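Have the viewer open as you read.

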Amino acid sequence: MDFNVKKLASDAGVFFTRAVQFTEEKLGQAEKTELDPHLENLITRADSTKNWTEKILKQTEVLLQPNPIDHTGARIEEFIYDKLDKKLPSRTTNAELLGQYMLDAAIEFGSDTPYGKTLITVAEYQKRLGGAEREFLHTSAVTFLSPLRNFLEGDWRTISKERRLLENRRLDLDICKARLKKAKLAEAKAAATPDFQETRPRNYVLSASASALLSEEVDKAEHELRVAQTEFDRQAEVTRLLLEGISSTHLNHLRCLQDFAEAQATYYAQCHHYMQDLQRELNRCANAVSAPHSSASVCPNPVSPAFLSGPASSGAAVPAASSSSSQKPVTLAMEQSQLPVTGARKARVLYDYDAHDTSELSLLADEVQQSQAESPHTHTHTHTLHFTSLHL
C-alpha cells in the first residue's frame with residue numbers, strides 16, 4: 001500500500017484552513033464571495049426539484065404498495081435481484097390471492113351449490129383484477145418510478161458532487177483573498193514605519209530583507225489568488241451547465257407523469273369493466289336462485305315476486321314472472337302476472353338495477369315499489385304496472 005505522508009499532511013492542512021474560513025464566515029468575521037444571481041436561482045430550483053421528486057417518489061410507492069412491511073420487503077427483494085443481475089419474479093397481488101382463496105373455498109363447500117358457484121364466479125373476476133393491478137404496477141414502475149429514482153441516484157448525485165467541489169473552490173478563493181489582504185497590510189505597515197533609526201549597516205540590511213520578503217509574500221498571494229479565481233470560475237461554469245439540465249429533467253418527468261396517468265386511467269377502466277361484468281354475472285346467479293325454472297342466460301328482475309303482497313284474498317297465488325329480451329320490464333301479460341282487474345300490490349327490491357334504456361325502470365336495493373293494475377277495456381288482456389317510489 002502506497003502511503004504518502006506529505007499528501008496526507010497537505011490535505012489535512014487544506015481541510016483545516018477551509019474549516020477555519022467556513023467558521024469565520026458563519027460568525028461574520030470573514031468575507032464571503034457571493035455566487036452569480038443566475039447560478040443562485042439555478043441552485044434553488046435544483047434543490048426544490050430534488051425535494052419534491054423525493055416526496056412524489058415516496059408517496060407514489062406508498063400508493064402502489066400501501067403496506068409498509070410489504071413495501072420494504074419488495075425494495076429489499078428488488079435490491080438483491082438487481083445486485084445478482086437477475087430478473088425480478090412477478091409478485092402475486094392481493095386480489096389474485098383472494099381469488100385463489102375463494103376457489104379453494106368453493107371446492108371445499110361444493111362447486112355445485114349456489115354459494116360455491118358464486119365463489120367461483122367472483123374468484124375469476126378477482127384474479128382478473130389482480131392481473132390488471134400487476135400490469136399497472138409494472139407499467140408504473142417502468143414509466144414513472146424508475147425515471148424519478150434514476151434522477152435522484154444518478155443526475156442528482158453528480159450535481160451534488162460538483163456543488164460540493166464548487167463550495168470548496170469558493171472557500172479556497174476566499175482564503176487566498178484574505179491571505180493577500182493580510183500580506184498587503186503588512187507590506188503597507190512596513191513601508192509606513194521603516195526601521196532606519198540606527199545607521200549601522202546590519203540594521204539596514206535586515207530592513208531591506210524584510211521588505212523583500214513582504215513583497216515576495218504579496219506576489220505569491222496574488223499568484224495563488226489568480227489560480228484560485230480561475231479554478232472557481234471553471235467549476236462554476238461546470239456546475240451551471242449541470243443545473244441548467246434541470247429543465248430537461250422537468251420535461252422528462254412531465255412525459256413520465258403523463259404515462260403514469262394514462263396507465264392509471266387504463267387500470268381503473270379495466271377494473272370498472274370487470275366489476276360491471278361481475279355484477280351482470282351475479283344478477284344472473286340471483287335470478288337462477290330466485291327463479292330456478294327460468295333460463296340462466298336471462299337477466300334477472302331486480303324485484304323479487306316472493307315479496308309481492310296485497311290486500312286481496314290470501315289464497316291467491318302469485319307465481320314468479322319470467323322476463324325476456326323482447327318484453328319491457330314495466331309491462332307484464334295478464335297470464336303471467338295473474339293479477340286481478342283492480343287492486344294494488346307492493347314489492348321490495350332485492351338489489352340495485354340500472355335501466356339500460358327509457359323503456360326500463362331504475363331501482364334501488366331495499367326500496368318498496370307499489371303497482372297499480374288497471375283495465376281500461378274489458379276485452380284487453382294486458383295490465384300496465386305503474387310504479388311509485390316509496391323510500392322507507
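Buried here means under 20% relative accessible area, exposed means over 50%, and partly exposed is anything in between (1.4 Å probe, protein chains only). Numbering starts from 1 along each chain as its sequence is written, and side-chain values use heavy atoms, with hydrogens and water left out.

**Overall layout**

Helices (H or I, at least four residues) and strands (E, at least two) are DSSP runs, numbered from the N terminus. The protein chain has 8 helices and 5 strands, in the order α-α-α-α-α-α-α-β-α-β-β-β-β from the N terminus. Its accessible surface (Shrake-Rupley method, 1.4 Å probe; for residues, only the protein chains shown count as cover) is about 26,300 Å², with 57% of that belonging to carbon and sulfur atoms. A contact is a pair of heavy atoms within 4.5 Å. Of the contacts between residues at least 6 apart in sequence, 69% join residues at least 24 apart.

pLDDT is the predictor's confidence in each residue, from 0 to 100. The protein chain averages 75, and 66% of the residues score at least 70. Helix 2 has the highest confidence, at a mean of 94, while strand 1 (residues 331-333) has the lowest, at 38.

| Stretch with pLDDT below 50 | Contacts beyond near neighbours in sequence |
|---|---|
| residues 293-342 | 82 contacts |
| residues 373-392 | 51 contacts |

Where pLDDT is low, the predicted coordinates should not be read in detail.

Helix 2 (residues 37-64) has 28 residues and spans 40 Å from its first C-alpha to its last, close to the 40 Å expected at 1.5 Å a residue (the expected span is 1.5 Å times one less than the number of residues). At its start, a side-chain oxygen of Asp36 comes to within 3.0 Å of the backbone nitrogen of His38. The buried residues of helix 2 include Leu39, Leu42, Ile43 and Ala46. An α-helix has 3.6 residues a turn, so residues three or four places apart point the same way.

A nonpolar core is a set of buried Ala, Val, Leu, Ile, Met, Phe, Trp, Tyr and Cys residues joined through side-chain atoms within 4.5 Å. The largest one has 44 residues, and those with the most contacts inside it are Leu39, Phe136, Phe144 and Leu243. Helix 2, helix 4 (94-109), helix 5 (114-192), helix 6 (201-244) and helix 7 (246-290) each supply at least two residues, with helix 5 giving the most, 19 residues. What does Leu243 touch, not counting residues up to four places away in sequence? Its partners are Leu39, Leu42, Ile43, Ala46 and Ile159.

**Two residues up close**

Thr239 sits in helix 6 and counts as buried because its relative accessibility is 1%. Leaving aside neighbours within four places in sequence, Thr239 is in contact with Glu162, Arg163 and Leu166.

Arg179, in helix 5, has 34% relative accessibility, so Arg179 counts as partly exposed. Not counting residues up to four places away in sequence, Arg179 touches Ala221 and Glu224. The side chains of Arg179 and Glu224 make a polar contact at 2.8 Å. Such a contact is a pair of N or O atoms within 3.5 Å; within protein, one must be able to donate a hydrogen and the other to accept it, and residues adjacent in sequence count only if both atoms are side-chain atoms.

Technical notes: Predicted model: local features only at pLDDT ≥ 70, side-chain atom pairs only at ≥ 80, totals over all residues.
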